[in-house]
Amino acid sequence: IPPEERAALAAKTLDLPWWPGPEAFAALDASGSARLLEFAAASAVPPRRRDELILQFGRSPYPETRVKVLSFLQVLDYPRFADIARASLDDEDDEVKAAGARALIGLNPPNKAQLLMPLLNSASEELRRLAMREVASAGVDRYLKAFDRLDGRTRETALRALSKIDPRVVDRLLEEIAAADPARRLAALRAIDVLGAEEPSRERLLPLLVDGDRRVRATALRVVKAGFERLVDALRDPDRRARANAVEALEDAADPRAVEILLPLLDDADHRVRANAAKALCRYGRDEGRLTLEAMARHASDAMRLSAAWAIGQVRFEGARTLLHDRAGVEKNPVVLAKLADALNQFQEGRP
């Protein structure tokens with residue numbers, strides 16, 4: 001029967017009373033087994049009975065047929081597919097094992113790495129590669145979660161052990177620089193530094209120079225080659241948030257070269273960039289920063305006054321408390337007024 005007619009017939013078939021018994025599979029060749037398997041998978045036989053028929057092919061002597069069993073059961077959402085995929089890892093044929101391994105990787109069970117670990121000793125390069133990637137990924141995940149609990153020596157020892165399991169562990173770590181958790185980004189960044197990533201890999205760390213987290217920015221500045229120069233380039237970024245973060249990173253750099261770079265930013269149109277630059281210059285001991293914040297505190301723009309209130313609360317220059325108190329007495333915007341109150345509270349509570 002031509003394939004098209006066979007598929008149409010299968011779709012109309014509600015029962016398969018003529019189905020061969022398990023003892024007949026040994027007599028079927030691979031091609032015949034494949035046709036029967038495809039027919040059963042495409043049939044209108046009730047799902048439970050259909051799945052039973054397909055599972056019988058799991059005892060086929062042909063590896064390609066056993067691989068098809070996995071493929072069809074996955075497509076048909078067989079309820080116990082995970083058990084079948086796990087069992088296939090013990091198959092005598094490497095192609096069947098590989099199909100099961102790929103299925104488990106897609107299912108992503110919590111013990112995925114543990115299930116695949118025995119394949120590290122396989123004679124098959126593909127099986128070793130699949131297992132190595134998942135075991136290493138799980139190891140990196142556990143390493144990053146435990147990072148803060150490990151002392152420096154243990155961190156390095158564990159990391160170098162991971163790199164021996166999988167030379168591409170740096171790539172795994174580089175994937176983490178986009179993690180939502182800043183602690184995870186920081187741990188990955190420090191780990192990359194320990195392993196001594198090559199320059200092309202370090203290029204991928206550039207976004208961390210303007211990261212929203214101060215610890216991440218400071219570490220990236222140390223790890224990235226020519227990090228200071230890259231920060232200067234980031235000041236031209238069209239994204240105002242990236243520019244503001246770059247200014248804060250220049251403040252953290254404690255590099256005297258930053259002063260001349262920051263001074264022009266006191267006239268930046270963006271309130272956050274201007275306030276960050278003024279705050280940074282105050283840290284560098286430049287009076288221009290204080291004068292700018294005083295002017296911003298009296299600016300007609302609500303956004304400028306809001307950023308000024310925040311920045312003044314951070315740097316606390318001489319006369320800052322009086323300025324905040326005076327501005328709170330005349331401020332009409334409730335959001336700005338709340339920020340002024342918060343800045344004054346920082347003085348009273350001694351918060352940094």
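Colleague: Which residues line the largest pocket?

Modeller: The lining of the largest pocket is N108, P109, P110, N111, K112, A113, Q114, E134, S137, A138, D141 and R142. Terms: the grid is 1 Å over the protein atoms alone, and a pocket is an open set of points with protein on both sides within 12 Å along at least five of seven lines. Lining residues have an atom within 4 Å of a point. Note that this is a predicted model: local features need pLDDT of at least 70, side-chain atom pairs count only at pLDDT 80 or more, and totals for chains, interfaces and linings use all residues. Residues are numbered from 1 along each chain as its sequence is written, and side-chain values use heavy atoms, with hydrogens and water left out.

Colleague: Which elements give two or more residues to that lining?

Modeller: Helix 7 (112-116) and helix 8 (125-146). Helix 8 gives the most, with 5 residues. Helices here are DSSP runs (H or I, at least four residues), numbered from the N terminus.

Colleague: What volume does the largest pocket have?

Modeller: About 190 Å³. That is the space filled by probe spheres set on the points, which are joined across faces, edges and corners.

Colleague: And the lining by class?

Modeller: It has 4 nonpolar, 4 polar and 4 charged residues. Ala, Val, Leu, Ile, Met, Phe, Trp, Tyr, Cys and Pro count as nonpolar, Asp, Glu, Lys and Arg as charged, and the others, Gly among them, as polar.

Colleague: Switching to cavities. How many are there of 30 Å³ or more?

Modeller: There is 1. A cavity is a set of points where a 1.4 Å probe fits but cannot get out. The volume of the largest cavity is about 40 Å³.

Colleague: What lines the largest cavity?

Modeller: A297, R305, A309, I312, L324, R327, E331, V336 and L340. Helix 19 (302-315), helix 20 (320-330) and helix 21 (334-349) each give two or more residues. Helix 19 gives the most, with 3. By class, the lining has 6 nonpolar, no polar and 3 charged residues.
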